[in-house]
Amino acid sequence: FFKVCKEYGLKRGDDFKYNNQDSIIYFKNGSEIKLVQLSYEPSDVEGERFGGLELSYCCIDEISEIDKDVYEVIYSRIRYLDEFGLSKKLLITGNPSDTWTKEYFYTRYIKNELPEEIKFVDTSGNYYNPFRGKNYEKSLSLLNEAKRKKLEDGDWNYNTCSDQIFGYDKIEEIMSGL
């Protein structure tokens, strides 16, 4: 965030203020960005701690690191938009993973079954991120094949190999009792 602000010429203290204790970024026009840790907490598996949030927009980075229940609660907190003529927006980023996100987003995207309000931007294949540094590219070249397929190629099936007895989807079915 602070790198992007710098690139756009926004100055901390002049254009925005950051309260580190509350993890809130305040802008002159009254807008706020709340930085919220969405990690799993055993005492709050359903994400009830987020029930009081009132959001007009939200970004979640590394979606596969949070629980689906937390995602759904956060999505439900984006409201009170009519007053300003806004539509609901939630930007999610993340790498391919064998978590709930694969079935929820990727598999439904591949099957053309995503709800109309969800858009999936596929960055696999020939996509190249011009902002990654040369050191990152070198680091990727040192990874094993599965991790390289996941992180460099954006391959959601990175964890598939011919000697698997059960694929991840089958294990999910067994664990969820479907």
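The text below takes these topics in turn.

The model is predicted, so local features need pLDDT of at least 70 and side-chain atom pairs count only at pLDDT 80 or more, while totals for chains, interfaces and linings use all residues. Residues are numbered from 1 along each chain as its sequence is written, and side-chain values use heavy atoms, with hydrogens and water left out.

The structure holds four salt bridges (a side-chain nitrogen of Lys or Arg within 4 Å of a carboxyl oxygen of Asp or Glu). The table includes three of them.

| Aspartate 44 | Arginine 49 | 2.9 Å |

Aspartate 44 is buried at 10% relative accessibility (buried means under 20% relative accessible area, exposed over 50%, partly exposed in between, with a 1.4 Å probe and protein chains only). Arginine 49 is partly exposed at 30%. Aspartate 98 is buried at 14%, and lysine 102 is buried at 10%.

Serine 97 lies in the loop between strand S5 (90-92) and helix H3 (100-110); helices (H or I, at least four residues) and strands (E, at least two) are DSSP runs, numbered from the N terminus. Serine 97 is buried, with a relative accessible area of 4%. Leaving aside residues up to four places away in sequence, serine 97 touches Ser64, Lys102, Trp156 and Tyr158 (heavy atoms within 4.5 Å).

Phenylalanine 1, in the segment before helix H1 (2-7), is partly exposed at 40% relative accessibility.
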